[in-house]
Amino acid sequence: MNTKKITENLKNWNITASENLNDALTGSDLVMICIPTDFSESLNAFDVSGMTKLIKDIGNVVPDVQIVIKSTLPIGYSHNIYKETGLNIIFSPEFLREGMALNDNQFPSRIIIGKTSEMHQSEPYLSVIKKISKKLPSILTMTATEAESVKLFSNTYLAMRIAFFNEIDSFALENSLSIQNIIRGISEDPRIGNLYNNPSFCFGGYCLPKDTQQAIANMKDLPNKIFSSIIQSNADRKDFICDYLISLNPISFGFYRLNMKEGSNNLRESSSIDLLKKIVGKQKKVYIYEPLIKDDIYCGAKVINNLDKFKEISGLIVANRVTNEIRDCKDILFSRDLNF
């Protein structure tokens, strides 16, 4: 990490980067933690070993500091680590959209304060929130375990909603129906709403798949037919789209952008990459246009840096989301984007 460069870039924000935990913590009233909590298949849960170590390290340096965890956690973790360490720990989940993090910090949908002890006060955390929020939303105080549930079940619902509209889209595609008309008619019902209803190849990214898996794990032996079906629905959607594309039998496939979602510079767990791998695995000729990739070959497909050349050699352009760059290729464009 080039902390000197990072510090220079953040001078206007009054932020300093440090590789030394003691230096970063000394004199602090508040510590916010936001580190990865990847889902471990072997543990059937989030791997929180790094989180636990960091919390204990913080406690050794500044035992009286208020610790606010922003990372997504298994339900019950905050309460357990509080009992183990006795530290002032609050769980306050973030609800940030990829590519919209700054906006969502300034205009949060809600603030959840999850306490591990009734003795713990929300200040100074709330004072920070009030300073950075341009529009203060509802502030809900609850136990940390309830707050962890809010985060996991919120993302599980969003994953379920995506899977629902994707299944409708599969039906529309198979029966040559207008998915735009169907979804518009469904979404006009105010109980359903015109949000989060744009079909995709499947849901991907870093949060929804792993958070859904953790929610299922936390349900244990409780009935969870809806939860457990979400992951399978997503896998079936990938197979359906792959089979449909293969049936079109173009001379070549051109994958336009592999980013996780429009406006993102993140390829991690992208649904387009999963589909790309399936098509490559069928021994088809595949090209990629993705400015984020600097290699000549990616996942077995040739990367084309020139957009005009990419359009010229692609028999069928596959795009999870349609932008103005490829609207002139409508005759050879495959997308389930409602804006196409």
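Q: Leaving aside its neighbours within four places in sequence, which residues is Lys238 in contact with?
A: This is a predicted model, and in it Lys238 is in contact with Phe201, Cys202, Asp274, Leu275 and Lys278, once its neighbours within four places in sequence are left aside.

Q: And where is Lys238 placed?
A: Lys238 has its place in helix 10, a helix that covers residues 225–248.

Q: Does Lys238 count as buried or exposed?
A: Lys238 counts as buried, because its relative accessibility is 19% and the cut-off for buried is under 20%.

Q: Staying with helix 10, at what angle do helix 7 and helix 10 pack?
A: The angle between helix 7 and helix 10 is about 35°, and their axes lie 9 Å apart; the crossing of these two helices is left-handed.

Q: Which residues meet there, between helix 7 and helix 10?
A: On the helix 7 side the residues are Phe153, Thr156, Ala159, Met160, Ala163, Asn166, Glu167, Asp169, Ser170, Leu173 and Glu174, and they meet Ile226, Phe227, Ile230, Ser233, Arg237, Phe240, Ile241 and Tyr244 of helix 10. Sorted by class, this contact of helix 7 with helix 10 has 11 nonpolar, 4 polar and 4 charged residues.

Q: What about helix 7 and helix 8, how do their axes cross?
A: Helix 7 (residues 144–174) and helix 8 (residues 179–187) have axes that come within 9 Å and cross at roughly 140°, and they are therefore oblique to each other. The crossing in which helix 7 passes helix 8 is right-handed.

Q: Which residues make that contact?
A: Helix 7 contributes Phe165, Ile168, Asp169 and Ala172, while helix 8 contributes Ile179, Ile182, Ile183, Ile186 and Ser187. By class, the contact of helix 7 with helix 8 has 7 nonpolar, 1 polar and 1 charged residues.

Q: Zooming out now, how many helices and strands are in the chain?
A: The chain has 12 helices and 13 strands, and its C-alpha trace spans about 65 × 50 × 40 Å along the principal axes.

Q: What share of the chain is buried?
A: Of the 340 residues in the chain, 45% are buried. The accessible surface of the chain comes to about 18,400 Å², and carbon and sulfur atoms account for 51% of that surface.

Q: Last one: what share of the contacts with a separation of 6 or more is between residues 24 or more positions apart?
A: Among the contacts in the chain with a separation of 6 or more, 64% are between residues 24 or more positions apart.

Key: Residues numbered from 1 in each chain as written. Predicted model: local features only at pLDDT ≥ 70, side-chain atom pairs only at ≥ 80, totals over all residues. Heavy atoms only, no water. Axes fitted to C-alpha atoms, helices over the stretch in contact; angles between N-to-C directions. Helix = DSSP H or I, 4+ residues; strand = E, 2+ residues; numbered from the N terminus. Parallel < 35°, antiparallel > 145°, perpendicular 65-115°, else oblique. Left-handed = near helix turned anticlockwise from the far one by under 90°. Contact = heavy atoms within 4.5 Å. Nonpolar A, V, L, I, M, F, W, Y, C, P; charged D, E, K, R; others polar. Buried < 20%, exposed > 50% of the residue type's maximum accessible area, 1.4 Å probe, protein only. Areas by Shrake-Rupley, 256 points an atom, 1.4 Å probe, with all protein chains shown as cover.
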